Each structure stands twice: as C-alpha cells, then as structure tokens.
Amino acid sequence: MTNKEIPKDYDHKIEEKWQKKWEDDEVYKFIGDGTRPRYVIDTPPPYPTGLLHMGHILNWAYIDFNARYRREKGMDVLFPQGWDCHGLPTEVKVEETHNIKKNDVSRAEFRDMCTELTTGNIIKMRKQMQSVGFSQDWSREYITMTPEYRKRTQLSFLKMYNQGLVYQGIHPVNWCPRCETAIAFAEVEYSDNTTFLNYVNFPPADIPEDILNSVEGNSYIRVSDCDTKADSSKPGVLIATTRPELMSACVAVVVHPDDERYNSLLGKYVEVPLSGQKVKIIADDEVDMEYGTGAVMICTFGDKTDVAWVNKYDLDVIEAISEQGILTSAAGRYEGMELQEAKVKTIEDLKAEGYLTKQEEVDQNVGQCWRCKTPIEILVKKQWFVAVTKMIDEIKEAAEEMNWVPEHMKSRLLNWADSMEWDWCISRQRLFATPMPVWYCKDCGKVILPDEDQLPIDPTVDMPNKACECGCEEFIGEEDVLDTWMDSSISPLSVAGWPNPDYENIFPANIRPQGHDIIRTWAFYTTLRCLALTGQKPFDDIVINGMVFGEDGYKMSKSRGNVTGPEEVVSEYGADPLRLWAANSVPGSDVAFDWKDIKHGYKFIRKFWNAFRFISMHIFDEESENTIRNNEDSIKEYLNPMDKWIFAKFNKVNKIVDDAFDKYNYATAINTIENFVWHDFCDEYIEAVKYRLYNDDIDSSSRIAAKYTLRYIVENSLKLLAPFAPFFTEEVYQYFDNNESIHNSLWPEIDENLDSTQNEENGDLAIELITEVRRFKSASKIPLNVPVSNVNVYLDDKTKNLEDIFTHFSDDISGTLKIENFSIKTGKPEVHEKVIEIEPDMSKIGPTFKKDAGKVIGFIKSTDPNEIAKQLQENGEIAIADGIITEDFLNMKKEIVGASGKKVDILQSEELGLIVEVIR
C-alpha cells in the first residue's frame, strides 16, 4: 500500500461505513459458550423519548469504554440494550401529542397510542446510539412492553407475593393529582419556593361534659356531635401553618411535652377555625418548639410527620382531598375547590372572621411529582406495596459487598435505606404499564392470582382458569398497573435470562453503570428485588456517572436554553471527539460540556492521522512489510537506544492505561494516551527517527528496526485508543492489512525484554538534550533540518553520570539535530565576547557634544571596534573632542567566540544542569 492510497485528511464521514460493517459482522455479539471469561453489563434501560441527550452520551460512553476494553482483555462481553417503556413519561407525552386525557379513549386505544409512540422512539434512539459508536449486542435487546418481559415482571410479583413481600393494604400514599396516580417516595422531587406562614388562633372549645366523657382516646369531636361555636377572639392555641386549606382535615394539635407554654392545656380541646371540629391537644417530643409557635396541627395528611403521628396516637382520618386534587365534602364550604383556590379563600375567611393574627414570608421545600412537577398530596388509598422495611438490613449488607465507584456514592443508598419509613407503593392508576396480575372474587373479594404458565395476563381481559374457593366463577380484574420500576428493577435478571435455570451462569452481573440521580430508585429497587428473588446481590461493581452541565455552568435543560445535542457534534466533528470529551472526566463527578474540548479531541485525531500518514510512506512498501512480518525477533536485535526508549515509554503507558481502564478512571487513560501519542511519539520519536529513514548512509538493519518500531507503536497505540475512538482506530488499523476488526483484537502484551525503566529514564535525558537544542534552533530561526557544525556538552562533577548516557544516544542525538560533530567534555567552555560592530547612539551624543558631535561620530566609525572595546575595558572611558564617552554612548554588537575562534552559542540547561555549546 502506498501513501497515495491514504487520504490527506481524515474524514469522519467514514463512521457510517464502520457502523454498518460492525453490525453486519456481529463484531459485538455475546457468545456465551464459556470458552472465554464472561463479562456481563447490566445496562440502563432509558425511557424511549426519541432523543439522546448529553447525559445519555456520558453514561453510555462510560459503559462502552468498559465493554470495549473488556473485549480487548479477552472477555466474552454481554452488553445488551434495554428500553424502559412504561410509566408516566410516555403517557404524558401521548396525552400532549393527541390533546387527550387517558380516560378520553378506551384503555386498548390509549395503550396502542403509547406503543406506537414508543416503538418509533426506540428506532430513533437505537440509530443515535449506533451513530456514537456504542457497541451493544443488539440481538440481546430487551423491551419492557413486550409480552416476554411483562411475563418476567408479573412472575416476580407472584413470587414476592408468595414470600409475603408483596401485599395489599390501606395506607397513606404519595399522590399526584395531575397524573391521578400513587407514586413512590423515590419519585418525589423537591423544589424550593417561598410562601406565607399563617398564624391562626384555635380558640378553646366549649364541649358539654357528656360529650367529653364519650370521646375515645384521641379522637376529634365532629361538628355534628357538638355544634357549639367557640369565640374566635378568645385566645386558645396559636398555630403557625403554611397550609390553612387543610384545616378541615385537622384531627389533633400537638405540642412538645417540655413546652411550658402549653403544659396546662394538655388533654384539653380547641376548635378548628372555619370547619368547627374540636381537636385534642397532645404532646410529642418530635415537635420543634422553636419553629412557629411550637404548636402544630395534625392534618390527614399534610406531610410524612402527620402520618407518623396519626399512626402513633391512633388518630382518625379525614379525607378532605380527592384524587384530582379537589376538596371533598369534608372541607365544608370549600368543597369542589382546587387546593390553591381554597388556600386563598381560606385565608380571606380567617381574616374576616378574626382568626388570622399575622403572616410571615418563609422558605418552603415542596415535594412534587418527578414527571409533571405537580405538588404531591398524601392520600389514604388501598394500594399494593412491597415490604421494603423487612429487607433494609439485607439491602445494606449487599450494598457493602459491592464495589462502588466512586466509593462515597455508597452512602447515598445506605442513607436512603435508613430513611425508609414507608413501604414501596407499587400500584399505579395508569394504563400503559405491566398489568398487575390480580383478580378479585366477585362474591367473597378474595385475591386471585394466575398460575405461572398463564403469564403474561391482562386481568381486565383475561380470566382465571379455575373457580374461587368459595365456588364463584365471576371475577373483577385489577385495573391498577405496576410501577415502572417493577419492570426495570429486574434488569440484571432479564439480561441473564431468568427464570430459565441457566440464568445463574451470567448472574450476578459484573457491573451496573448508572447516574447518581437514580441511586435511590434503580440501584435500591434492583438490590431489593434481586435479593428477594435470588438471595444474591445483583452486581459486583456499581459505577456512577454525574450530570452534564452546559457552557453556562448550569445543568443542561431545555428551559435554560443551554442544551447541545450530540447530533450537532457528530455532524460537524464526528463521534470520536464527542467520546474523547466524555472520557476526560471522572465517575461520580458532574461534567461540563465545552466546544473547545470537542475541538481538542478533533485536533488530536488529526495529529495522529497525519503522523500515521507520514509513517505509512515508510512502512507499507512491499520490502519493508515482508521483512518486518517475517523477521520480528531478529529485527529486535538491531533496535537502537531511541527505539528502546519509545518501547519502554509505550510499555509504561500500557500499564497505566490498563490499570486506569480496570478502575474506570477514563480521564487518566485518555490523558496518558494523548500525551504519549502527541508528544513522546509524534513530537519526539518520529523526529528522532527521520534521519534513519532518509539517510542512505544508515545501515539497512537500523532502518528496518526504525520502521518496525514505528509500525509497532502505531498499531498498538491504536489498540489502547480503540475503546475511546472506535471509528478512527478501525479506519487506521485496517490499513495494516488486518483480517479482523480492531475491536476483536487483544490488548497489547508487555515485551519483558523491552520493559526497562532504565531505558526510559536514559532516553528521557537524551530527549531533554535534543529538546534544548531544538528550542535554540527554533528561537534562532534556524530550520530544524539545517545542520550545525558542532555541539559540545560540558559536564561537571554533578552531571558526569550523563556521559555514558549521551554517548550511548549520540547517534540519535546527532542524527535528530543534524549535528556534524557531537562531543561530550568536562569543565566549562572557553569562550569570550568579541565586539563585531559599534554604532554611535545619536540620541545621547548629539545633546551632549553638540557642535563636536561630528568629531565623536567620525572617531567611532573610523576606529576598529575591538580597539574601542579594549580602551573601554581598560579605562572605562575614552576622551574625545574635549569630552568623555563611555559605553552608554554606544550601541555595541557582540558575539561569543569559542576556543577555536568561531562564533558559538551557549545554552544553559536548568533541567539537565549542564552547559551546551553550539557552533553553527
């Protein structure tokens, strides 16, 4: 192959060619026959929104770097791709697209709309992933909306139900009024805003004795049982609340037992303004005496604390909010109002009726639905739950057994586990999701479950295959569906083929890569579910990536307008520079996107291409290729010192990069590769080897050794770079007439005979000397290919150890720098300054000598410059025309002359601690 066959410029448009070939050749297919060590990746299944964002790119780049590296290390890598299709994001998008609500059409029609949208989005995102060079085995793709996957999810439900880990109960749940569904605590996001703290007087209640005697425990007294109205102007207990619209659901007032302000009121009743029920004052040490007034109303339900107190003190529940976020009849005069409207009206009424004493602006942290951002409410609902609290200790033990990268991310899961007070609500009041596999007997209400061989089922369509124990053959299908995390939390089991018996061959997974934003959901739920279903942790390593920030320093978001799409980068610069940007980061840390990083990667690839193209002129001729292929061992005997230096450098880089990949430290890996290729190889070695390629006087064995070294370093540097830049490395690698993809090649082995720290260190010293002289030539505007007559290196007692090193590298030093005579000496160079030209300084001579200035100028121009310099050196001055001139009146041009009388340049190398004398 000749240089003419290699394009002058690297064209990233060839990426599409390699995408297709890799797919056609099944380069990334998982074999699974046990002939190689298996490496299983539990790949994140994203929501099919139809668009990859930079967060996806960062996450999947980490996964792909690792997958490609493990293949090069000889492993059989299972890198599947999943799609988490179900849940609110898809339904909300369908509702927006078709301008409908889920109940405006039939269940089947709505699901079909969701399926159609999801299918189209998967096609788009799959193509995007391929365009960025991600190396999934697409034959192992899983899609959670398929019957096969729904079967696994429903089977996991049945098994956990039979274990007592799934149950149905009536409990407070987080509820999204917009989506009209329960959501788990892990799906609640929090946002900061400001609101008003309203100080409301709860006056003493006037309750007849007989009614008081009939009250059980801490129950409140309904208006229908005691309709006497308290005097709003009479001081009772002052309550500071941000949610006055929930006063109709107030069932008690709680104060701290040590709060002397309220000790005399414990056990007594106050009347709730506007709604009129009478509630008891009770004590609990969880009350913050410093906040507000130190007295708190317990509403059903304002927050988690209300729930805890209701359970602790066996309080009644008033359901004042509907599933749609509308106040119910329990709210009295506010029935039918939305919550915000009711808040405004309630405050107006409190003012008008004399209950509101003051208002203060306060900061507030509001829980909201993670998808539609609507503030969540806590409602009492009959729902299905996973008994999380039974498994907390097991989950924490499993987390401790995993290798977390970075380590500190483990605390996020442990802290979340310790904070769990409620079980995981897994039922959702939506449509597009895995159906909950449950029927209810129409007569006795018993829960009926399908047999495993019936799965998957839709209980609203399918029926049980046998009658209920009571004899009834009519059933009501459960319309609620499963939380989408019930699908994705069995991803490592699905990847392994569970429940087929041989799933254990590839379970647990070797690695779970994911973002830190879903540690408390995907990581937590997966650990829980796999422990419940298999008794094992789901994966060995868990590697966490951060978020991507825009060039403005804020997290990328459409609302901020700081989003850069990956397709923009790929179109202009190709996928590899985008991947190099992603590589130059640290797991767990957020990453800033900057176009200059993309351009740097683009520049590096072209630097490597240009170096390869230059080298190709020398290594691809028929004679060189045949000689190198057939005589590798004998060629190594003729490696010169600079060859051995670059081999030692490469071996060191190999070890660093190998270790960095193994520890997921991609920034160290790519920076080490770039520095080696760009500087050690391109800037130093290639320049140092040119004289052996072009000089006919060089022995042929030395020339072949140089070509062998060039070929080896390029070919194997490509292998180190391949996980990061798959397209570029494949394109270059194929010019070496390889019969396989670079992505099926093995990681370079270390040649122990060329793995020498001493060779590296000695070569570094020789390179430093070369760099000093090259820097001098550049500063002196001497072309690098122009010879210099002599270079003398002067050593002293401290640097005499360098003599053997420089002597050993003398051919390379001389050849690289075009030095005709190179010598190493001791002591210091014998040099002196020689004045070669003197010009009068007119700006000083004129004003000083005035009319005699001509005489002075004439003297200077007619006298030998060395004579003038001699007089000045001896006397410090010269008398002329009744005046005195010193060196200040002259512009003197000097040069340094060596012992030979020739002009020399003296270089002082601070790095090496020596003096270099250059004779041009």
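Predicted model: local features only at pLDDT ≥ 70, side-chain atom pairs only at ≥ 80, totals over all residues.
Let me begin with the overall form. The chain comprises 28 helices and 33 strands. Its radius of gyration is 40 Å, well over the 29 Å that the globule rule gives for 920 residues, so the chain is more spread out than a compact globule. Along the principal axes, the C-alpha atoms fill a box of roughly 130 × 80 × 50 Å. Of the 920 residues, 57% count as buried.

I turn now to the interior. In soluble globular proteins, nonpolar side chains tend to be buried together. The largest nonpolar core here has 141 residues, and those touching the most other members are W581, F681, L721, F724, F728, F806 and I813. Helix 20, residues 666–694, gives the most to this core, with 14 residues. Apart from this core lies another, of 77 residues, with L155, M402, A417 and M436 among them.

Which residues does F724 touch, leaving out those up to four places away in sequence? The list consists of F65, D576, R579, L580, A583, F661, Y666, A669, I670 and I673.

Next, helix 17, which spans residues 622–630 and has S624, E625 and I628 as its buried residues. These cover an arc of only 95 degrees around the axis, which puts them on the same side of helix 17. What do the buried residues of helix 17 pack against? Their partners are helix 16 (595–619), helix 18 (632–636) and helix 21 (700–721). On the face turned away from the buried side, helix 17 carries the exposed residues E622, E623 and N630.

Finally, a strand. Four of the five residues of strand 12, residues 295–299, are buried, so this strand is largely enclosed by the rest of the structure. Strand 12 pairs with strand 9, residues 250–255, in the antiparallel sense over five bridges. Within that pairing, V253 has M297 of strand 12 as its bridge partner.

Terms used: Residues numbered from 1 in each chain as written. Heavy atoms only, no water. Buried < 20%, exposed > 50% of the residue type's maximum accessible area, 1.4 Å probe, protein only. Helix = DSSP H or I, 4+ residues; strand = E, 2+ residues; numbered from the N terminus. Arc of directions from axis to C-beta. Contact = heavy atoms within 4.5 Å. Pairing = 2+ DSSP bridges. Rg over C-alpha atoms; globule rule 2.2 N^0.38 Å. Core = buried A, V, L, I, M, F, W, Y, C linked by side-chain atoms within 4.5 Å.
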